[in-house]
Structure formats: structure tokens, C-alpha cells
Amino acid sequence: MVAESLRRQLRTIPNLVTFLRLGCIPIFCWLLFGLDNRLAAGILLGALGASDFVDGYLARRLDQATELGAILDPVADRFMFFAAAISMLVSGDVALWFGITALVREFGLSVGTVALAARRVGWLGVNAWGKAGSFGLMFAFPLFLLGQADIPGAGAWTIAGWVSGIPSLAIAWYGAYLYVLAGRRALAALPDTGTAGSSADS
């Protein structure tokens, strides 16, 4: 029954869209490193960032929300962000301090989510600040790529990347701060944190 339920969830349109977005990450890496085509890589990355809301919208519109989708969507978003940021740090298409600062935030949230799950704390959901910051960053990175492309006016794309990236990074970190506060409240609300911790470790 569990396997059949999982198969049904995998076949829903929103989850198929999520898998399609994930499948574009190797294509992005191939465009960037294999073809050295920053224009195409930037356009693809921008499209992936812009499509962030599509799977969630379809789940609500088609009444196909699933437990798998609720987990898969944020995991896919984080995976795409890590892949894009790390690839661009390796290729030198984003400033070192900017890429690392963005990655540290994402890594910290990922570790925190796993730690809360180990303490049997449920999904905290998303806050508007964190979502807005992440969304802005997923546009800043493609803009930086376009700024390094061999196209007329490339410098303007770099400026646009900074205009989008710096406030988005600040907003994202504020959102992370709110996540930390929410996590602390959730831990404090546990009936017996010592017992929860022992159960998680067993």
C-alpha cells in the first residue's frame, strides 16, 4: 500500500514538474562547463528560478497536493541553489564573498531542518522574508552569468545582478533569523525535549 501510494504521488503533475526542474541542473552544468555558454546557462538558470512557484501553484490548482511534494519542493529548490552557486564559484562567475555568504545561509538552514526533524519537530513552513530573499537570489545569480557572457551590454547585467543580489541576500539572512526563532519556539514547546532527543538518537 505504501509503495502504491508513493507511485501515485510520483505521477502527479506538480511532482513531475519538480523532477523536470531537477533534471535541468545537469543541463545547466553542461552549458556552463561543457559548452562555456554563459548566455544559455544564465537563461536556463533564470527560467528555473522563475518557475519556482509553478509546482506549488499546480498542486493547489489541480488539487494534487501530496506529502511527497511538500518535502520534495523545498529540497529541490535547495539542491538547485547549491548546484548553481557552487558551479558559479568554481567557474568564477560570482564574487567569492557573495557566493559563500549565500551558501552558508542555505547550508545552515539545511542543517537546522535536519536537526529539528531529528528532535521530532514538524515542518516549520516558509516565511515570506526567506522566500522573497531566496527568490531574489535565484535571479541575481543568472544576472551575474549574463554579465560574464559575450553579449553587448554585459556590464549592465552585472549591475542588475548586484542591484538584485545585495538586498535579496540581506532579506534572505533576515528570513533565516526568523527561521531560527521559529525553531527555538518549536523546541521549547516540546513536552519533554530530553526524551525527544533520546528517541532521535536511538
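This is a predicted model: local features need pLDDT of at least 70, side-chain atom pairs count only at pLDDT 80 or more; totals for chains, interfaces and linings use all residues.
The protein as a whole comes to nine helices and zero strands, and of its 202 residues 41% are buried.

**Overall fold**

- Read along the sequence, the secondary structure follows the pattern α-α-α-α-α-α-α-α-α, in keeping with the count of nine helices and zero strands.
- Among the contacts in the protein with a separation of 6 or more, 78% are accounted for by residues 24 or more positions apart.
- The protein exposes about 11,100 Å² of surface, and carbon and sulfur atoms supply 70% of that area.

**The largest nonpolar core**

- In soluble globular proteins, nonpolar side chains tend to be buried together.
- The largest nonpolar core here has 29 residues, and those with the most contacts inside it are Phe 28, Leu 45, Met 88, Leu 137 and Phe 141.
- The elements that give two or more residues to this core are helix 2 (13-34), helix 3 (38-50), helix 5 (67-91), helix 6 (96-118), helix 7 (128-147) and helix 8 (154-188), and helix 5 gives the most, with seven residues.
- Leu 45, one of the residues with the most contacts inside the core, touches Phe 28, Ala 84, Met 88, Met 138, Phe 141, Pro 142 and Leu 145, when residues up to four places away in sequence are not counted.

**Helix 2 and the residue after it**

- The buried residues of helix 2 are Pro 14, Asn 15, Val 17, Thr 18, Arg 21, Leu 22, Cys 24, Ile 25, Phe 28, Leu 31 and Leu 32.
- An α-helix has 3.6 residues a turn, so residues three or four places apart point the same way.
- Just after helix 2, Asp 36 takes a positive phi of about 55°, and the side chain of Asp 36 also meets that of Arg 38 in a salt bridge (2.3 Å, N to O).

**Salt bridges**

- Side chains of opposite charge can pair when their charged atoms come close.
- The count for this model comes to six salt bridges, and Arg 21, Asp 77 and Lys 131 are linked in a network of them.
- Arg 38 counts as buried because its relative accessibility is 17%, which is under the 20% limit.
- Arg 38 also forms a salt bridge with Asp 93, the closest N and O atoms being 2.8 Å apart, and this pair links distant parts of the chain, with Arg 38 in helix 3 and Asp 93 in the loop between helix 5 and helix 6, 55 residues apart.
- Arg 105 forms a salt bridge with Glu 106, the closest N and O atoms being 2.5 Å apart; Arg 105 is buried, with a relative accessible area of 3%, and Glu 106 is buried, with a relative accessible area of 4%.

**Asp 93 in the loop between helix 5 and helix 6**

- Asp 93 lies in the loop between helix 5 and helix 6 and, at 6% relative accessibility, counts as buried.
- The side chain of Asp 93 makes a polar contact with the side chain of Ser 91 (2.6 Å).
- Leaving aside neighbours within four places in sequence, Asp 93 is in contact with Leu 32, Arg 38, Met 88, Phe 144, Leu 145 and Gln 148.

**Asn 127 in the loop between helix 6 and helix 7**

- Asn 127 is placed in the loop between helix 6 and helix 7 and counts as buried, at 16% relative accessibility.
- A polar atom of the Asn 127 side chain lies 3.2 Å from the backbone nitrogen of Trp 129, and the side chain of Asn 127 reaches the backbone nitrogen of Gly 130 at 2.6 Å.
- Not counting residues up to four places away in sequence, Asn 127 touches Gly 175, Leu 178 and Tyr 179.

**Trp 157 in helix 8**

- Trp 157 has its place in helix 8 and, at 36% relative accessibility, counts as partly exposed.
- With residues up to four places away in sequence not counted, Trp 157 touches Leu 143, Leu 146, Gly 147 and Ile 151.
- Trp 157 and Pro 142 are 15 residues apart in sequence, while their C-alpha atoms are 9.1 Å apart in space.

Note on methods:
Residues are numbered from 1 along each chain as its sequence is written. Side-chain values use heavy atoms; hydrogens and water are left out. A nonpolar core is a set of buried Ala, Val, Leu, Ile, Met, Phe, Trp, Tyr and Cys residues joined through side-chain atoms within 4.5 Å. Buried means under 20% relative accessible area, exposed over 50%, partly exposed in between (1.4 Å probe, protein chains only). Helices (H or I, at least four residues) and strands (E, at least two) are DSSP runs, numbered from the N terminus. Contact means heavy atoms within 4.5 Å. Accessible areas come from the Shrake-Rupley method with a 1.4 Å probe; for residues, only the protein chains shown count as cover. A salt bridge is a side-chain nitrogen of Lys or Arg within 4 Å of a carboxyl oxygen of Asp or Glu. A polar contact is a pair of N or O atoms within 3.5 Å; within protein, one must be able to donate a hydrogen and the other to accept it, and residues adjacent in sequence count only if both atoms are side-chain atoms.
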